[in-house]
Amino acid sequence: QVQLVESGGGLVEAGGSLRLSCAASGISFSINSMAWHRQAPGKQRELVAAISSSGNTNLADAVKDRFTISIDNAKNTVYLQMNSLKPEDTATYYCYAYVRRPSMGDWAAVWGQGTQVTVSS
């Protein structure tokens, strides 16, 4: 069983910054990629940023000039540095990981519980 634990959400004023962290834990797994998605009230969940274990990144157009995603493979942790935050960034942010589970001979998609980010105007 692989679990994701997110941290770093909170309330910030417009123009401010937050850093989200997501640590993966479990027995016998390897990470293929990790990502952050977000879901605002009344809206569909959307991809914010993704990163492979080799460091290739993909960011949504709405955030690519303000957010940075990084990964620490030794710690199985992904980070999302969010700068110049806007009220429209307000959402629950979910961590996602695509992992290999050798003991089970399969790949698995894992989601975190979510962390709230609120940006006040």
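## The nonpolar core

A nonpolar core is a set of buried Ala, Val, Leu, Ile, Met, Phe, Trp, Tyr and Cys residues joined through side-chain atoms within 4.5 Å. In this predicted model, the largest such core has 31 residues. The residues with the most contacts inside this core are Met34, Trp36, Phe67, Leu80, Met82 and Tyr93. Strand β9 gives the most to the core, contributing five residues.

Methionine 82, one of the residues named above, can be followed through its contacts. Setting aside residues up to four places away in sequence, methionine 82 touches Gly16, Ser17, Leu18 and Leu20, together with Arg66, Phe67, Tyr93 and Val117. Two of these partners, Phe67 and Tyr93, are themselves listed among the residues with the most contacts inside the core.

Two strands pair with β11. Strand β2, residues 10-13, runs parallel to β11 and is joined to it by four bridges. Within this pairing, glycine 10 has valine 117 of β11 as its bridge partner. Strand β9, residues 91-101, pairs with β11 in the antiparallel sense over three bridges. Here the bridge partner of threonine 92 is glutamine 116 in β11.

## Threonine 77

Threonine 77 is placed in strand β8, which spans residues 77-82. Its relative accessible area is 7%, and it is therefore buried, the cut-off being under 20%. Leaving aside neighbours within four places in sequence, threonine 77 is in contact with Cys22, Ala23, Ser70, Ile71 and Asp72.

The side chain of threonine 77 also reaches the backbone oxygen of lysine 75, at 2.9 Å. Asparagine 32 lies 45 residues from threonine 77 along the chain, and the C-alpha atoms of the two are separated by 12 Å.

## Salt bridges

The model contains five salt bridges. One of them links arginine 101 and aspartate 106, with the closest N and O atoms 2.7 Å apart. In this pair, arginine 101 is buried at a relative accessible area of 17%, while aspartate 106 is partly exposed at 23%. Elsewhere, salt bridges that share partners join Arg38, Glu46, Arg66 and Asp89 into one network.

Glutamate 46 is partly exposed, with a relative accessible area of 37%, whereas arginine 38 counts as buried at 7% relative accessibility. A further salt bridge connects lysine 64 with aspartate 61, where the closest N and O atoms are 3.1 Å apart. Lysine 64 has a relative accessible area of 45% and is partly exposed. Aspartate 61, at 65% relative accessibility, counts as exposed, because the cut-off for exposed is over 50%.

Note on methods:
Residues are numbered from 1 along each chain as its sequence is written. This is a predicted model: local features need pLDDT of at least 70, side-chain atom pairs count only at pLDDT 80 or more; totals for chains, interfaces and linings use all residues. Side-chain values use heavy atoms; hydrogens and water are left out. A salt bridge is a side-chain nitrogen of Lys or Arg within 4 Å of a carboxyl oxygen of Asp or Glu. Buried means under 20% relative accessible area, exposed over 50%, partly exposed in between (1.4 Å probe, protein chains only). Contact means heavy atoms within 4.5 Å. A polar contact is a pair of N or O atoms within 3.5 Å; within protein, one must be able to donate a hydrogen and the other to accept it, and residues adjacent in sequence count only if both atoms are side-chain atoms. Two strands pair if DSSP finds at least two bridges between them.
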